[in-house]
Amino acid sequence: MTRLSVNINKIATLRNARGGNVPDVVGVALDCEKFGADGITVHPRPDERHIRRKDVYDLRPLLHTEFNIEGYPAPEFIDLVLKVKPHQVTLVPDSPEQITSNAGWDTKSNFEFLNEVLDKFNNAGIRTSVFVSTEAEMIEYAAKAGADRVELYTEPYAKAYAQNREAAVTPFVEAAKVVRSLGLGLNAGHDLSLINLNYFYQNIPWLDEVSIGHALISDALYLGLERTIQEYKNCLH
Ligand SMILES: CC(=O)[C@@H](O)[C@H](O)COP(=O)(O)O
Ligand SMILES: NCC(=O)COP(=O)(O)O
């Protein structure tokens, strides 16, 4: 079964546009679960432009499904994750000023750093995932550094899908085979949508999890949150 983790960053973006608590980030997360989400993903960025540290603490005791926290492992992030103890932490190589994630880790150059950080989370019993491109060497070094899973950065797939979906998915299928041969779990995310998700899944049915936010929350404006989550789940079988 491939699990759908709903990324609720964009709900926090909307809330932060005004000073109050509308929409209620925790309430929306609980509704995502009620409507069939298998997990909730957040990516607290250092400037708290969407998810705030407080949201992460508020969410933890109330969620019934898997909680995945993504981010760059700066000391404050490591401290937050170790205190909150989510089911999974996903390490992303973003610098603070980035608009959004735009690349996987160079796991070879950052091997010692990743190894040290992964050790901390592994010792705390938190499942670890490392955001990577489809390059086999990057996946191999993520495994050597101690990751339980990798998350394939799917923006290149999403961008190339309209032109030639078979060519778009091929490097991801090859990478997914490498991941499987190394005994790692497999996640994927970034710009997955109702347009491109089912084809990705059909080609890589051993995917453990997809995390989806931007397109899913945008679709919910038209379809409503409950129907949207059901439609994304329908893409995963
Ligand atoms: C790690 C990743 O792929 C991102 O998609 C990210 O979690 C989204 O972050 P923003 O919502 O800040 O663009
Ligand atoms: N890890 C990817 C994620 O959480 C959501 O990415 P996107 O769907 O907002 O592009």
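**Close-up 1. Pairing of strand 3 with strand 4 in the predicted model.** Strand 3 (residues 66-71) and strand 4 (residues 88-91) pair in the parallel sense over four bridges, where pairing requires that DSSP finds at least two bridges between the strands. Asn68 stands opposite Gln88 in strand 4. Together with helix 4 (residues 75-84), these strands make a right-handed β-α-β unit, meaning that, with the strands pointing away from the viewer, the path from the first strand over the helix to the second runs clockwise. Helices (H or I, at least four residues) and strands (E, at least two) are DSSP runs, numbered from the N terminus.

Close-up 2. Six of the six residues of strand 3 are buried, that is, under 20% relative accessible area with a 1.4 Å probe and protein chains only. Glu66, Asn68 and Glu70 point one way, and Phe67, Ile69 and Gly71 the other. Four bridges join strand 3 to the parallel strand 2 (residues 39-42), with Gly39 opposite Glu66. The chain crosses from strand 2 to strand 3 through helix 3 (residues 53-59) in a right-handed β-α-β crossover.

**Close-up 3. Surroundings of Val210.** Leaving aside neighbours within four places in sequence, Val210 is in contact (heavy atoms within 4.5 Å) with Thr2, Arg3, Leu4, Ser5, Ala188, Leu192, Leu197 and Leu236.

**Notes.** Residues are numbered from 1 along each chain as its sequence is written, and chains are lettered from A and ligands numbered from 1 in the order in which they are written. Local features need pLDDT of at least 70, side-chain atom pairs count only at pLDDT 80 or more, totals for chains, interfaces and linings use all residues, and side-chain values use heavy atoms, with hydrogens and water left out.

Conventions. Buried means under 20% relative accessible area, exposed over 50%, partly exposed in between (1.4 Å probe, protein chains only).
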